[in-house]
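I opened a new page for this structure today. My plan is to look things up one at a time and write down what I find.

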Amino acid sequence: MLEVDGLEAAYGAGAVALAGASLTVGAGELVALLGPNGAGKTTLVRCIAGLVRPRRGTLRWQGRPLTGVPPHAIVELGIAVVPEGRRLFGGLTVEENLALGAFTPRARAGACARLEAVYALFPVLRERRRQLARTLSGGQQQMVALGRALMADPRLLVLDEPSLGLAPRVVEAIFETLVAINRQGVAVLLVEQNVHLALAVAHRACILEAGRVAREGPARALADDPEVRRAYLGPLAAARP
Amino acid sequence: MTVLQQAVLGLLLGGLYGLAAAGLSLIFGVLRVLNVAHGELIMLGGYGAFWLFALAGVDPFLALLVVVPAALLAGLALYAGLFRFVVAAEEETRIKNSLLIGFGLGLALHAAAVRLWTADERAVTPAWAGGALTVGGIAIPLVRLGALAVALVLIGALHLLLARWRWGHAIRATAEDREAALLAGIDVRRAYALAFALGTALAGAAGVLVSTGYSVSPAIGLEWTLKALIVIVLAGLGSIFGTFVGGLVLGLAEAASAAAFGGAYREIVGLVVFFVVLLVRPRGLFARA
Amino acid sequence: MSGTAPSGAPRARGASSARPVNARVGAALLAAGGLLAALPLLGIREDHLNLAVLVLLAVVLAQSWNILGGYAGQVNLGHAAFFGLGALVTRTLWIAGTPVGAAMAAGAVVAVAAALAVGALAFRLRGAYFAIGTLALGEILRLTVGNVLPEISTLPAPAIAGYRLAHRYWIALGLATVAVGVVAALRGSRLGLGMQAVREDEDAAEASGVAALRVKLCALALSTALAGLAGGLFAYYHISYYPAHPFSPHWTFDALLITFIGGVGTVAGPIAGAVVYVLLKEFLALRWVEFHLLIFGALFVAIVLVLPGGLVEAAARVTALGRRGSAGRAAAAPRHPAATASAPSPGPARAPLEASVERSRSRGRLREASREPAGPEG
């Protein structure tokens, strides 16, 4: 459904962020995008979101090209992005934040039902729905961010580092939710630093290094790969069979 | 004039300062654009009311029904024709460019006004204008009281718009975090246009009220831009009601300084406070953390 | 503001071919200067000479603003305050008997002192806050002076009897030459480069080792010294005026209009702008009062949006179009003020700073291109 082919993007005169990255996300798949800091993962996400225009390469969603499509139209097309750092509207209430997720015309139909579904998924948000978003804890904010993306009725959910700054228990809960969402048919592209957890939930994984996809394959295979384990899971993990 | 009388008059004027500032604050908060021609837009609203009255005998408070929609459209036109090009840049450049463009726009509008209507002061004086409400020895001019009431109503209406209307939410979201708004599917350009139009409509309304209770001339442009800026810096961005209260505070401060140092220094106190607050807390005394 | 991207080799080529060009330009300037100096002796009409003084005054005023606003990128909307202070001090001292040269110098000193006192505080404000802060400051001074000295200031009779327009003219010419000279010297200097770096991206400049505050204060000092001198000239030139008049924001506006329309951040820009501005104003004032402001306001907006380099950039583009016929000459021909303004002469100590200016400029352009904010929204 999502096809990224040979994407090149740069900031400023010389800082190349993507140097020919390619990946795909099929319907219903959960694909993990891994790699060291500065590899270009966030840039790739921003290209998909329409915030950055790639210099070269193609970006296709269900066959149609995405380059040049403004970000709000990309949401209308069915891609919802949960950015790094959550980026909630702090001065608005939880419910207003969620409601804004269903801003596009396509998402507005059935917004009420979807809001109920989001509250069912994250009951704590229902309790706090009139609270200002910036007064919530990190984990709750992540739930709001995720909920807001779900309100857009996406076919592809892209998350950039959802586990950042969250306690392990909260992270596990978020990931369980992700798996549940994925099982309902929403494709997921997950950019993560927490390689262990990402590989545990994903179907496939891509490793981005220096702006290019260095490795890719089924998550299980990558998790067992000794090189990957050494690079990302630490020497001890690599030693373990 | 007693101190209390001056204070009441200051409050009445302060309400208009608040209205003027609210429009500019909305535009700056959402677009990060400083339209320093805001005062000239107020001036134009004032002339609108004046000419409707002088040529067609329209009561100024009714003139609002014409001027406010006209100002709304004018705001859309200004955004589409001018400020749209400024918002593409990143914040610091954007603010600087908008400052320059607003400057040029203000100059052009001022010159046009002088050319068309001369530099004379005009005031709208409906038949009932002379009356005043007397409460405990304090005379409250009816027109100015009416103006304050209208200002309050408009502020309340803006607040409701922002709180209940879908696009009001979108405007607030864009003001908070433009990128996140984009990611949520909001067409940020439309939010910009709307915010600019609403801000300009408030300016037009303020102008009508200014020409009625006080007077209008081409020169009030710069003066009111400064007033609006002072209030914004005092009150910070964020709360519409906070901005309104900031206007009232400025009105009172001016009255106090006139009482203490004489009328000649009334304008200066606001500017001095402004400069000091800018140095100490450029984001305003009541800004969010 | 006028953007060309210098790179190693073409610049070196440009520098070597600049020498014969510079000699030619220098000779032309000398000849023009001589002609200008001789003007009063050539029997020129008095009202034309008056016009010339006004043009020269405008040049000084605009160039002074150009230093802080064009080169260092700090939009100062309170410029009139320093013009006014210079005028106030000069007038007061001169009428009291001080020789005009000393009076003008004193005016400049007071202007600079006030500027530095305020600048140390005001420069804590960035961008728009600095601009509106200085605007407020200017207004505070104007209102105060207007309250304290409401009566018109007229020269005493002996001074009126002894009034020589030619003297005013020569002082104006001298000041204008100094102002242009200062800006020209800045252009190639390390200080000037530092200013431009701060203008493009203050944080990046600091990271490259530029002491931003010190650079800004230097720009402020130079700018306000010249503004104070311009004010002194104003005080010396006019027979009578209201003391608050030179503090009026319209002097600041004039400076901005002239500088931007001519070409902000260039040497020739304010000169071209001043000539166009004063002449057009005179011409239009006969028919339509204040109409020149309508035109210039609209022109100003157009320039900020479409042609940031002003008349100078327009001229550069037109001559570049004309050159397209001749084989492969790079647009960075040193003749064009637009190109020379942004291509400083090479030197090993300067190279990292130039690179930083270029990086900031391109980053700024790219940010605009990708519509991407520089960081999290506030």
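**Ground rules**

I am reading a predicted model, where local features need pLDDT of at least 70, side-chain atom pairs count only at pLDDT 80 or more, and totals for chains, interfaces and linings use all residues. Residues are numbered from 1 along each chain as its sequence is written, chains are lettered from A and ligands numbered from 1 in the order in which they are written, and side-chain values use heavy atoms, with hydrogens and water left out.

**Chain C**

I looked up the make-up of chain C and found 16 helices and two strands. Helices (H or I, at least four residues) and strands (E, at least two) are DSSP runs, numbered from the N terminus. Chain C has 378 residues, and 49% of them are buried. For accessibility I use a 1.4 Å probe and protein chains only: buried is under 20% relative accessible area, exposed is over 50%, and partly exposed is in between. Next I looked at contacts, meaning heavy atoms within 4.5 Å. Of the contacts in chain C between residues at least 6 apart in sequence, 80% join residues at least 24 apart.

**Where chain B meets chain C**

How many residues does the contact take from chain B and from chain C? I noted 48 from chain B and 49 from chain C. The area buried between them is about 4,200 Å², and carbon and sulfur atoms give 75% of that. Buried area is the accessible area (1.4 Å probe) that two parts lose on being put together, summed over both. In chain B, the residues that lose the most area to chain C are Phe103(B), Phe275(B) and Leu279(B), together 14% of what that side buries.

I then checked polar links. A salt bridge is a side-chain nitrogen of Lys or Arg within 4 Å of a carboxyl oxygen of Asp or Glu. One residue pair is in polar contact between chain B and chain C, with both residues at pLDDT 80 or more. A polar contact is a pair of N or O atoms within 3.5 Å; within protein, one must be able to donate a hydrogen and the other to accept it, and residues adjacent in sequence count only if both atoms are side-chain atoms.

Which helix gives the largest share of the side of chain B that touches chain C? It is α4(B), with 19 residues. By class, this side of chain B has 32 nonpolar, four polar and twelve charged residues. Here Ala, Val, Leu, Ile, Met, Phe, Trp, Tyr, Cys and Pro count as nonpolar, Asp, Glu, Lys and Arg as charged, and the others, Gly among them, as polar.

**Salt bridges**

I searched the whole structure and got 22 salt bridges over all chains. Glu95(A) pairs with Arg129(A), with the closest N and O atoms 3.2 Å apart. Glu95(A) sits in helix α3 of chain A, Arg129(A) in the loop between α6 and α7, and the two are 34 residues apart. Glu95(A) is partly exposed at 23%, and Arg129(A) is partly exposed at 27%.

Lys227(B) pairs with Glu267(B) at 2.8 Å between the closest N and O atoms. Lys227(B) lies in helix α9 and Glu267(B) in helix α11 of chain B, so the pair ties together parts 40 residues apart in sequence. Is Lys227(B) buried or exposed? Lys227(B) is buried, with a relative accessible area of 4%. Glu267(B) is partly exposed at 25%.

I also noted a salt-bridge network that links Arg46(A), Arg87(A), Asp177(B) and Glu179(B).

**Loop residues**

Most residues other than glycine have a negative phi. Asp153(A) is not a glycine, yet has a positive phi of about 55°. I found Asp153(A) in the loop between α7 and β7 of chain A. Arg32(B), also not a glycine, has a positive phi of about 60°. Arg32(B) lies in the loop between α1 and α2 of chain B and is buried at 11%.

Gln74(C) is in the loop between α2 and α3 of chain C. Gln74(C) is buried at 7%, and its contacts include Phe123(C), Phe130(C) and Lys216(C).

**Cysteines**

I looked up Cys112(A), which is exposed at 66%, and Cys218(C), which is partly exposed at 31%.

Technical notes: Lists of a residue's contacts leave out its neighbours within four places in sequence.
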